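Good morning. I have one structure to walk through, and I will keep it short. Please have the sequence and the model open.

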Amino acid sequence: MNPELYILGSSSATPTRERHPSAQLLKLENEKIIIDCGEGTQSQFLRYGLRHTSVNIICISHLHGDHYFGLIGLISTMSLMGRVNPLQIIGPPGLKEILELQISHGGLALKFKLEFITTSSDKFEFILKTPLFEISSFPLKHRIHCAGFLIKETNKEKHLNMEVISKLNIPFKFYKDIKAGEDYISSDGVRIENNKLTFDPEMPKTYAYCSDTIYDESIVQYIKNATVLYHEATFLKNLEDRAALYYHSTAEQAAKIAKSANVGQLLIGHFSSRYDHLKPLLDEAREIFQHTQLALEGEKFFIENLSDPK
């Protein structure tokens with residue numbers, strides 16, 4: 001099953017009637033990860049018929065309010081709904097203190113533990129690994145400490161070639177070792193090479209999330225060959241000077257990063273509230289990188305290779 005990405009918010013600093021601040025939900029089988037949590041995120045869950053009961057990880061890129069002002073409200077609701085499982089929060093220095101202050105002064109009696117992991121502002125870091133995926137962070141160049149996230153499926157086991165295995169009468173007890181890549185040695189000492197007994201698994205999918213950042217080619221090394229890249233595209237290229245002033249990117253610049261990194265697909269978002277119509281941003285990006293889509297709220301995207309069937 002391909003990971004699924006739900007766009008819950010795609011606006012930049014201020015919301016519009018149609019667009020909310022940054023928030024995404026990444027679903028990998030039975031696990032859910034929230035990536036940024038702008039104001040109104042929990043309302044967006046309700047609006048799009050999503051549930052946050054199996055969310056165990058929340059990634060916050062930086063402490064500009066449009067990326068985390070919805071977090072304390074969501075945490076409070078989780079507690080009111082009886083959550084008891086720990087919640088891991090990956091984010092910048094200061095986030096732990098902010099949330100603890102809100103919880104303390106708001107008299108919130110959480111029924112679950114918050115586990116904090118702090119991101120770095122100057123280096124790539126491995127964050128955590130589960131049986132389904134691993135998360136790393138990397139530095140972005142913004143006005144304050146800001147990190148991007150790389151979420152990658154763990155390597156999958158090989159698929160058994162049951163037609164060959166059945167013909168050779170290989171006992172079931174050896175299946176696990178064969179799927180792990182080992183050769184099979186029969187009872188009479190004959191070695192059967194693993195590549196004759198298995199099919200290669202699907203390539204692990206990778207989702208790269210580049211939140212607020214000035215155009216910065218140094219990030220290419222971290223997101224090289226990602227299956228899908230999300231990159232902010234706050235402005236059109238005619239406002240490139242303004243983008244640089246506020247440490248943001250244009251749609252054209254996002255596409256240049258995608259092309260340099262050889263990613264499979266590009267999603268652009270974090271649109272300035274000045275734009276009522278977003279097609280010009282899409283057109284601008286597609287002039288550089290054809291496989292670009294708008295990260296529109298309510299849309300679901302599959303993290304899949306372009307050659308994979310839907």
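The protein chain has nine helices and 18 strands. By definition, helices (H or I, at least four residues) and strands (E, at least two) are DSSP runs, numbered from the N terminus. This is a predicted model, in which local features need pLDDT of at least 70, side-chain atom pairs count only at pLDDT 80 or more, and totals for chains, interfaces and linings use all residues. Residues are numbered from 1 along each chain as its sequence is written, and side-chain values use heavy atoms, with hydrogens and water left out.

Overall dimensions next. The C-alpha trace spans about 75 × 50 × 35 Å along its principal axes. Of the 310 residues, 51% count as buried. Buried means under 20% relative accessible area, with a 1.4 Å probe and protein chains only. Now contacts, meaning heavy atoms within 4.5 Å. Among those with a separation of 6 or more, 65% come from residues 24 or more positions apart.

Now to strand β16, residues 265–269. Why is β16 largely enclosed by the rest of the structure? Because five of its five residues are buried. Gln-265, Leu-267 and Gly-269 point one way, Leu-266 and Ile-268 the other way. In a regular strand the side chains alternate between the two faces of the sheet.

What about its partners? Strands pair if DSSP finds at least two bridges between them. Strand β15, residues 228–232, runs parallel to β16, with five bridges. There, Tyr-230 stands opposite Leu-267. Strand β17, residues 292–294, is also parallel to β16, joined by three bridges. Here Leu-266 stands opposite Thr-292.

Next, one residue. Gln-44 is found in helix α1, residues 41–47. Is Gln-44 buried or exposed? Buried, with a relative accessible area of 3%. What does Gln-44 touch, not counting residues up to four places away in sequence? Leu-8, His-20 and Glu-297. With His-20 there is a side-chain polar contact of 3.4 Å. A polar contact is a pair of N or O atoms within 3.5 Å; within protein, one must be able to donate a hydrogen and the other to accept it, and residues adjacent in sequence count only if both atoms are side-chain atoms.

That is the tour. Comments, please.

Technical notes
Buried < 20%, exposed > 50% of the residue type's maximum accessible area, 1.4 Å probe, protein only.
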